[in-house]
Amino acid sequence: MKTFTTALLLMVMISSCYTETIVGPAGPRGPQGPTGADGAAGENGYVFEWTDINFTASNNYEVVLEYPSDFEGLESDVALVYLLWDTYTTNSGEEVEVWRALNQTILTEDGILMYKYDFGKYDARIFLEADYSLNMLGAIDTDNWIARVVVVPGDFWNSGRVDLSDYHAVKEMLGLPELNSTNTQNVDRRK
């Protein structure tokens, strides 16, 4: 009898562990909850522009873009650098600027040319590298560049919320001010 009681108890315990879950239809949507408190005001990002940038042998084909003296960068900030690559006019007569994010690699008749950058807390540096002598570059490659540096707070950087290679998308996401570039007439860099 003891064996029978133990077996019966064991079967009850095992069967109680198995339950079939039946999911019914979804009920009606509940009322909207209260609006949460606003978060702390934060800084979105900063954009700075430099014009008439020239890469020459005398500056070793590099230019240091110092941030304005009233700007206080943080170690966690990330800088994105864009070059004004082209402009075109729409059918409605609007002039549109085309910005390319660095790093850019261009295949030229002489080989590979790269526009690269690095940055720190106080500045960004744009420099050229090539698999041939940089002295062979023409004015289209080196003269009269316009650059924009967007300093992005570190917490935004890893958010994955926007395509960082698209200046206009970054500008919109960070709420950056509209900058009207000067000297944008006849800009047409290598495609």
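Helices (DSSP runs of H or I, at least four residues) and strands (DSSP runs of E, at least two residues) are numbered from the N terminus. T142 is found in one of these elements, helix α2. The model is a predicted one, in which local features need pLDDT of at least 70 and side-chain atom pairs count only at pLDDT 80 or more, while totals for chains, interfaces and linings use all residues. Residues are numbered from 1 along each chain as its sequence is written, and side-chain values use heavy atoms, with hydrogens and water left out.

**Overall architecture**

- The chain contains 4 helices and 8 strands, and from the N terminus on their order is α-β-β-β-β-β-β-β-α-β-α-α.
- Of the 191 residues in the chain, 34% are buried; buried means under 20% relative accessible area, exposed means over 50%, and partly exposed lies in between (1.4 Å probe, protein chains only).
- The chain exposes about 12900 Å², of which carbon and sulfur atoms supply 52%; accessible areas come from the Shrake-Rupley method with a 1.4 Å probe, and for residues only the protein chains shown count as cover.
- Among contacts (heavy atoms within 4.5 Å) in the chain with a separation of 6 or more, 64% are between residues 24 or more positions apart.

**Nonpolar core**

- The largest nonpolar core has 41 residues, and those with the most contacts inside it are Y67, Y115, V149 and V150. Such a core is a set of buried Ala, Val, Leu, Ile, Met, Phe, Trp, Tyr and Cys residues joined through side-chain atoms within 4.5 Å.
- At least two residues of this core come from each of β1 (46-53), β2 (62-66), β3 (78-89), β4 (95-101), β6 (112-119), β7 (123-130), β8 (145-152) and α4 (167-174).
- Apart from neighbours within four places in sequence, V150 is in contact with Y46, V47, V78, A79, L80, Y82, Y167, V170, L174 and L176.

**Helix α4**

- Y167, V170, K171 and L174 are the buried residues listed for α4. They cover an arc of only 100 degrees around the axis, which puts them on the same side of α4; the arc is that of the directions from the helix axis to the C-beta atoms.
- An α-helix has 3.6 residues a turn, so residues three or four places apart point the same way.
- G175 follows α4 and has a positive phi, near 65 degrees.

- β3 and β4 pair in the antiparallel sense over 7 bridges; two strands pair if DSSP finds at least two bridges between them.
- The bridge partner of T89 is E95 in β4.
- β3 and β4 form a hairpin with 5 residues between them, and G93 in the turn has a positive phi of about 90 degrees.

**N54, T142 and N144**

- N54 lies in the loop between β1 and β2 and is partly exposed, with a relative accessible area of 29%.
- N144 lies in the loop between α2 (139-142) and β8; this residue counts as partly exposed at 48% relative accessibility.
- N54 and N144 are 90 residues apart in sequence and 5.7 Å apart in space, C-alpha to C-alpha.
- The side chain of N54 reaches the backbone nitrogen of N144 at 2.8 Å. This is a polar contact, a pair of N or O atoms within 3.5 Å; within protein, one must be able to donate a hydrogen and the other to accept it, and residues adjacent in sequence count only if both atoms are side-chain atoms.
- Neighbours within four places in sequence aside, N54 is in contact with N59, V63, T142, D143 and N144.
- T142 counts as buried at 5% relative accessibility, and its side chain reaches the backbone oxygen of G138 at 3.3 Å.
- Not counting residues up to four places away in sequence, T142 touches I53, N54, F55, Y61, L128 and L137.

**Backbone exceptions**

- Most residues other than glycine have a negative phi, and most peptide bonds are trans.
- Y61, in the loop between β1 and β2, is not a glycine but has a positive phi of about 55 degrees; Y61 counts as buried at 10% relative accessibility.
- N144, also a residue other than glycine, has a positive phi near 60 degrees.
- L102 and N103 are joined by a cis peptide bond, with omega about 15 degrees, and N103 lies in the loop between β4 and β5.
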